[in-house]
Amino acid sequence: MRQSSHSLRLRLTGAVLMPLAALVLLFCILTALVTHDTEANTVDRVLIGSVRTLSLAYNSPAAERERLVPLVIHLLRRRARPVVLYSVYRGQTLVAGDPALLPPADYSATWDGVVDRHKPATFVNAYRETPMVRGYLDPADARQVIQAAYLRSGTLHSKPARIATEIRRAAGDSQLIAIQIADYMDDRADYERNFLQQVVLAGLAALLVTGLLFWWAIEWGLRPLADLTRQVESTRGEASPTFRLTTTETDPVEMQPFVAAFNGLMARLERVTNSLRQFTANASHQMRTPLAVARVQLDVLDRYGPHSPQGKAALQDIPHAIDTLEQLLRQLIALARSEDQAGVRLRPFDLTDVAATVTGERAAQAPADMDIGYDNHVEGRAMAIGEPTLAAELIGNLLDNAIRYNRPGGMVSVHVDRDDEAVIVAIDDDGPGIPAAERDKVWDRFYRIPARNAPAGTGLGLPIARAIAQQMGATISLEDGRSGRGLCAIVRFRSTTG
């Protein structure tokens, strides 16, 4: 599989390696600082220890000194950290060692009575505190020390050097001698540099190995997603809304929400597809009838003429067919619009005003023998949550059904009421009603109750009403009429106080 800079694997690998690289860099910096301090402390300890060792050799009697000094120098050169740069001066006279390693400027072979003109070197021992006198275990070794061992920076053979110096009286001598041991600073820097290079290389190697291991781990972890991708690709040639993703018991639990959401989306797509297929079939069937009627009547007009009895009857039937087709198209548009109201802005509104206005409009259009009434059981305003225009369309739709399917000289009444949770509108009639066995079926599009002498209709009125109610979070139920006959359609709106 070709990887791109936008691949999930690269992003996850980068997300892990970037903080890891920052940790490696921080580790290298801390290691460099610790190494520098440790190296400096170690070399300083070696220099101070070496200068004291050589100083003790000159504190020996003259007969032993000639034998001890070469032995001490030999031992210092054979140590793990060899010391080869040293000098011993008596006044301006070199006693031993490198003549270039000169004594400090304030050195004098004659003592002026000042002890420890420079602060002696001290080191922290975290494990034990051994009592010492000016750096020596035996107080007798420190008696002739005028300047205890201290450290200073200087130059030796044109190179920066670290120098340890101690000034004392040699055994049997009245003058002071300066004993010095030095170490080049570049040796120390080379050691630190080599050690840091090893640390950096080790860190980079660890980073590389970690990146490779994590790359493989991500590839292994993404295999379930690759399996889902293969499932989807396998249906590309024969795409179907019935397709569902499947998982196994070994798949990660984090995949379950995605799979459930995808399958839920496909289930909704399947329902929409089936609904659209059924809607298209039913709509084409419903539209075919008035069109066929209009076509037949037009053929009659063409054959017999408009002034013949057949033509006059055709002229009466054509407007009826056109009205039926117009009503069907109007309700289809209303149904599509009600299902496409995803962005409806719901707000509080006074349901009594909407219900009273719609009832007044429908009463003016109802047959003369039809009794249309309005009854408000709410004191003050009945504030519901919804959209006033849609609420008016919903109530008008139900009121139209109650008037259309009522008996001649029947009664229709609109009641507004409320309870603890909802504001209620009930449209009650005393017509033939809907049998209880049919009340679940009338919500299906284009379904009409088989009945003789039933008025013309499309079977879309109640489905449109339910779709509008769902957009506002309202519910519709059908019950027996309050007078014991007919039908009562009850709409429950959410109350602002519920």
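Good morning. The accessible surface of the protein comes to about 29,400 Å², and carbon and sulfur atoms hold 57% of that area; such areas come from the Shrake-Rupley method with a 1.4 Å probe, and for residues only the protein chains shown count as cover.

The model is predicted, so to speak of local features requires pLDDT of at least 70, side-chain atom pairs count only at pLDDT 80 or more, and totals for chains, interfaces and linings use all residues. Residues are numbered from 1 along each chain as its sequence is written, and side-chain values use heavy atoms, with hydrogens and water left out.

The protein has nine helices and twelve strands; these are DSSP runs, helices being H or I of at least four residues and strands E of at least two, numbered from the N terminus.

Let us turn to one pair of helices. The axes of α7 (residues 351-365) and α8 (residues 388-404) come within 9 Å and cross at roughly 40°. Axes here are lines fitted to C-alpha atoms, for helices over the stretch in contact, with angles from 0 to 180 degrees between N-to-C directions. Therefore α7 is oblique to α8; angles under 35 degrees are roughly parallel, over 145 roughly antiparallel, 65 to 115 roughly perpendicular, and the rest oblique.

Finally, consider Thr-35, in helix α1 (residues 8-58). Is Thr-35 buried or exposed? Thr-35 is buried, because its relative accessible area is 12%, where buried means under 20%, exposed over 50%, and partly exposed in between (1.4 Å probe, protein chains only). Thr-35 and Glu-192 lie 157 residues apart in sequence, yet 6.6 Å apart in space, C-alpha to C-alpha. Thank you.
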